[in-house]
Amino acid sequence: MYKRITDRVIKQINPQIFVEKAVRVENNKLYAGVRKYELDGNVSVIAFGKAALAMYAPIKRDLGIHLKRSFLSIPESSPVTMTTNNNSMETIVHAARNNLPDDATVKITRDIVKYAESLTEQDLCICLISGGGSALLCDPIVPLSDLVKTINILTSHSATIQQLNTVRTYLCKVKGGGLARYISPAKILSLIISDVIGDPLNFIASGPTCPVEVTKEDVMNTLSDLSLSSTQLPLSVQSLLNSGHPTINTCYSDIYNLIIASNKIALEIAARAVESEGYKPHIISDSVIGEAREVASELIATLSATTPKDEQYRYLTSEMLTNIQSALSTLDNDLTRLCLIFGGETTVTKLGDGLGGRCQELALAAALQLDRIETRYSISVLASSTDGQDGPTDASGAVVSQKTGAEARKQGLDMGVYLGNNDSYSFFSLLNGGRNQLKSGLTGTNLMDIVFIFVEI
């Protein structure tokens with residue numbers, strides 16, 4: 001059942017489907033959202049992110065002769081080589097090993113910038129933006145190695161995507177509207193797949209076509225929130241913070257940013273998948289954040305016989321708790337099975353030297369909590385990423401139940417030890433021969449994570 005659910009979700013969050021719904025080409029005109037664009041062989045495409053290839057496919061198919069130049073910066077793991085098409089010169093580059101900007105990222109970004117500066121008012125530049133875009137479009141002001149070191153330092157301190165992208169924007173020429181400045185005066189249509197809670201344009205892929213000013217004070221406040229000092233960062237970053245940010249051209253073209261998919265849409269698809277398996281779906285929230293193991297503990301606590309008071313929850317909001325209790329109250333003799341569905345993106349503070357990701361860590365923490373509580377429900381938890389890669393592993397997530405604790409003990413696996421070492425991947429690889437570990441393979445998109453809690457009486 002669990003695999004059927006995740007397979008159905010993955011199939012229906014195909015980026016190509018979202019682009020096809022968002023864009024229509026008819027009589028040499030392109031319609032997107034509330035906008036209409038004249039087509040006359042004047043279209044360039046800049047695509048970057050995990051969904052770049054899938055997003056580009058319908059654009060290439062439908063625009064045909066109107067395409068004059070296309071650049072695609074795609075993850076290194078994407079199964080496509082660089083190619084050139086005679087009708088619309090295409091440059092496709094693999095970059096961002098381990099989801100960090102690298103030399104290939106910088107090279108294609110500079111090629112894109114050089115080309116963008118040649119565009120005129122008659123041109124239309126379509127930007128296809130998706131998760132992973134921050135690492136796949138980057139021309140740093142500081143040395144690349146120092147930028148990567150800075151990102152790693154922030155990540156090790158459990159920086160949120162908002163905090164990471166605030167600093168990235170300050171240290172990079174093409175973020176925070178930087179790409180739009182280079183494209184100006186051409187018109188810009190950005191089709192965006194959001195991988196950030198709340199869909200803030202300035203944080204999705206660090207907002208390359210969303211003009212925003214990030215100041216030294218913004219960066220310093222971010223560091224302070226993470227209990228970091230600027231002196232812990234590379235010298236070049238310290239120097240930039242001390243001297244101030246270089247002046248950037250503020251001339252912008254006509255920009256239309258259109259979000260075509262988000263975690264909310266993924267949750268609606270997940271709800272239909274759950275319903276097809278005989279469970280009544282309840283979408284609780286698309287805004288779950290916080291430390292993965294603590295979020296798991298709080299989620300399971302809501303199902304215990306002695307539910308904590310609202311003020312004892314750190315990450316679950318009053319609205320979430322109300323929605324959970326409202327859903328649980330519907331269980332009776334006529335409705336015996338339901339599924340609570342959550343979306344968002346948790347974080348993991350690295351305490352050990354194990355291997356894992358936020359979804360596997362959340363699932364392991366949930367199993368540990370399920371092993372401790374008393375409850376009248378039969379419960380199982382499935383946590384999965386939508387991009388198919390949970391942390392630096394080949395797993396997308398894991399599934400656990402109230403039986404997991406006993407199964408682990410029978411196999412000599414100490415859940416607490418594995419969790420304490422951030423080694424959820426190893427735990428699930430060993431548990432039941434790996435059958436509790438989900439491995440969907442890379443999906444070619446990213447709509448954050450989904451957590452399913454199946455509840456029966």
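1. Helices here are DSSP runs of H or I with at least four residues, strands are runs of E with at least two, and both are numbered from the N terminus. Contact, the basis for such packing, means heavy atoms within 4.5 Å. This is a predicted model, in which local features need pLDDT of at least 70 and side-chain atom pairs count only at pLDDT 80 or more, whereas totals for chains, interfaces and linings use all residues. Residues are numbered from 1 along each chain as its sequence is written, and side-chain values use heavy atoms, with hydrogens and water left out.

2. The buried residues in α4 are T105, V106, I108, T109, I112, V113, Y115 and A116. Buried stands for under 20% relative accessible area, exposed for over 50%, and partly exposed for values in between (1.4 Å probe, protein chains only). An α-helix has 3.6 residues a turn, so residues three or four places apart point the same way. D111, which also lies in helix α4, has 32% relative accessibility and therefore counts as partly exposed.

3. The length of α4 agrees with expectation: its 14 residues should span 20 Å at 1.5 Å a residue, and its end C-alpha atoms are 20 Å apart. The expected span is 1.5 Å times one less than the number of residues. At the N-terminal end, D102 caps α4, with a side-chain oxygen 3.2 Å from the backbone nitrogen of A104. A polar contact is a pair of N or O atoms within 3.5 Å; within protein, one must be able to donate a hydrogen and the other to accept it, and residues adjacent in sequence count only if both atoms are side-chain atoms.

4. The loop between β6 (89-95) and α4 holds A96 and N98. A96 has a positive phi of about 60 degrees although it is not a glycine, and phi of N98 is likewise positive, near 60 degrees. A96 is buried at 8% relative accessible area, whereas N98 counts as exposed at 67%. Most residues other than glycine have a negative phi, and most peptide bonds are trans. A cis peptide bond joins S184 and P185, with omega about 15 degrees; P185 is in the loop between α8 (178-183) and β8 (187-193).

5. Six aromatic pairs are counted. Rings of Phe, Tyr and Trp (its six-membered ring) pair if their centres lie within 6.5 Å; planes under 30 degrees apart count as stacked, over 60 as edge-to-face and the rest as tilted. The pair of F71 and Y115 is tilted, because the ring centres are 5.5 Å apart and the planes are at 50 degrees. F71 lies in strand β5 (residues 67-75) and Y115 in helix α4 (residues 103-116), so the pair ties together parts that are 44 residues apart in sequence. Both F71 and Y115 are buried. An aromatic cluster is formed by Y2, Y279, F452 and F454.

6. Where does the charged end of R337 sit? R337 places its charged end over the ring of Y279, 4.2 Å from the centre. R24 lies over the face of Y31, at 4.2 Å from the ring centre. A charge sits over a ring if NZ of Lys or CZ of Arg is within 6 Å of the ring centre and within 35 degrees of the ring normal.

7. The largest nonpolar core has 53 residues, and those with the most contacts inside it are I46, F48, C127, L154, L171, L179 and I183. The greatest contribution to this core comes from α4, with six residues. A second, separate core of 51 residues includes L30, I74, L189 and L258. A nonpolar core is a set of buried Ala, Val, Leu, Ile, Met, Phe, Trp, Tyr and Cys residues joined through side-chain atoms within 4.5 Å.

8. D123 is in the loop between α4 and β7 (124-129) and is buried, at 5% relative accessible area. Its side chain makes a polar contact of 2.9 Å with the side chain of K68 and reaches the backbone nitrogen of T120 at 2.8 Å. Apart from neighbours within four places in sequence, D123 is in contact with N42, K68, A186 and K187.
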